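Okay, thanks for coming, everyone. I'd like to walk through a few loops and then some helix packing, so let's get the model up on the screen.

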Amino acid sequence: MAQDATLRLPTISVVEALAASLHDRVLDGQLLPGTTLAETEIANEYGVSRPTARSAITALVYEGLLHREANKAAYVPRLTSADVEDVFLVRTPLETEVVRVLVERGTIPVGAAERAITDLDRLEDDAPHSAFVEPDLRFHQSLVDAVASPRLSRLYRGIKGEVHLCMVQTRHTLGRERIVAEHGRILEALRAGNAGQAADRMRAHLDGACRSLRRVFKTADADGKR
C-alpha cells in the first residue's frame with residue numbers, strides 16, 4: 001500500500017475515524033480483494049500508533065469487511081458465487097421474517113425507512129460505492145433494528161460485512177432506480193399492514209439481487225478474477 005502521504009482524519013475518535021476511512025476504501029474499491037492490511041503499514045500511512053491501527057482493523061474484521069487468520073495480516077475478502085449464495089441463504093429468510101414481525105407488532109420504522117429511500121434516490125450517478133451502500137443498507141438495517149431483538153441484530157451483524165460487499169455489486173446489477181422502487185414497494189406493503197405482501201416483496205427483492213449477483217460472480221470465478 002502507498003505510504004507517500006499521511007492521510008487526514010476528522011476530529012472524532014481516532015480509531016473510529018480510521019475504521020471509517022478503511023471501511024470506505026474497501027467499499028469504494030481502493031483496497032481490492034486480496035489486499036492485506038498490515039498494522040505497521042496502516043499506522044505509517046495514517047500517522048497513528050500501531051495499537052490504534054490494530055483496533056481499527058479489528059473493528060472491520062468484526063464487521064466482516066476484512067478477514068484475518070491466526071498470526072497473519074488481515075485482508076480484504078475475495079467473495080465467490082458460493083459466498084453470495086450462502087449470504088442470501090441466511091439473509092433472505094431472516095429479512096422476510098423481519099417484515100412479518102414488524103406488521104404483527106405494529107413497529108414499522110416508517111420515518112427511518114423513508115429517509116433511507118429518499119437518500120438513495122437523491123444520490124448522484126457518480127457517487128462513490130460507500131455512499132451508495134450506506135442508504136441501501138440503512139433501509140434494511142432500519143427494519144431489522146425495529147424488531148428490537150438483540151439476538152436478531154447480532155445475527156444480522158454477523159453477515160453485515162459480506163452484505164456490504166454484495167451491495168457494491170448490486171449497484172451495477174440492479175441499478176439505483178430499481179432498488180429505490182423495490183424498497184418503496186416493501187415499505188408500502190408494511191404501511192398497509194399486509195404482512196404476506198411485504199414478505200413476498202422482500203423475498204422478490206432479495207431473490208432478484210441474489211440471481212443477478214450470482215451471474216456476476218460466476219463470470220468472475222470463471223475468469224479467475226475472484
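Start with Asn 71: at 84% relative accessibility, Asn 71 counts as exposed, where exposed means over 50% relative accessible area, buried means under 20%, and partly exposed is in between, with a 1.4 Å probe and protein chains only. Asn 71 sits in the loop between H3 and strand E2 (74-75). Helices (H or I, at least four residues) and strands (E, at least two) are DSSP runs, numbered from the N terminus.

Before I go on, this is a predicted model, where local features need pLDDT of at least 70, side-chain atom pairs count only at pLDDT 80 or more, and totals for chains, interfaces and linings use all residues. Residues are numbered from 1 along each chain as its sequence is written, and side-chain values use heavy atoms, with hydrogens and water left out.

Back to the backbone. Most residues other than glycine have a negative phi. Asn 71 has a positive phi, near 65°. Ala 148 isn't a glycine either, and its phi is positive at about 60°. You'll find Ala 148 in the loop between H6 and helix H7 (150-173), and it counts as exposed because its relative accessibility is 62%. There's a glycine on the list too: Gly 29, which follows H1, has a positive phi near 80°.

One more loop residue. Glu 124 is between helix H5 (110-121) and helix H6 (129-146), and at 56% relative accessibility Glu 124 is exposed as well.

Now the helices. How does H1 pack with H3? Helix H1 (residues 14-27) and helix H3 (residues 50-63) have axes 8 Å apart, at an angle of about 55°. The axes here are lines fitted to C-alpha atoms, for helices over the stretch in contact, and angles run from 0 to 180 degrees between N-to-C directions. So H1 is oblique to H3; under 35 degrees counts as roughly parallel, over 145 as roughly antiparallel, 65 to 115 as roughly perpendicular, and the rest as oblique.

The H1 side of that contact is Val 14, Val 15, Leu 18, Ala 19, Leu 22 and His 23, and among their partners in H3 are Ala 56, Ile 57 and Leu 60; contact means heavy atoms within 4.5 Å. The buried residues of H1 include Leu 18, Ala 19, Leu 22 and His 23.

Next up, H8. The axes of H6 and helix H8 (residues 176-191) come within 12 Å and cross at roughly 15°, which means H6 is roughly parallel to H8. Phe 132, Asp 136, Phe 139, His 140 and Leu 143 of H6 meet Arg 176, Ile 179, His 183, Ile 186 and Leu 190 of H8.

And which way does H5 run relative to H8, parallel or antiparallel? Their axes come within 9 Å and cross at roughly 165°, so H5 and H8 are roughly antiparallel. On the H5 side, the contact is made by Val 110, Ala 113, Glu 114, Ile 117, Leu 120 and Asp 121, and the H8 residues include Arg 176, Ile 179 and His 183.
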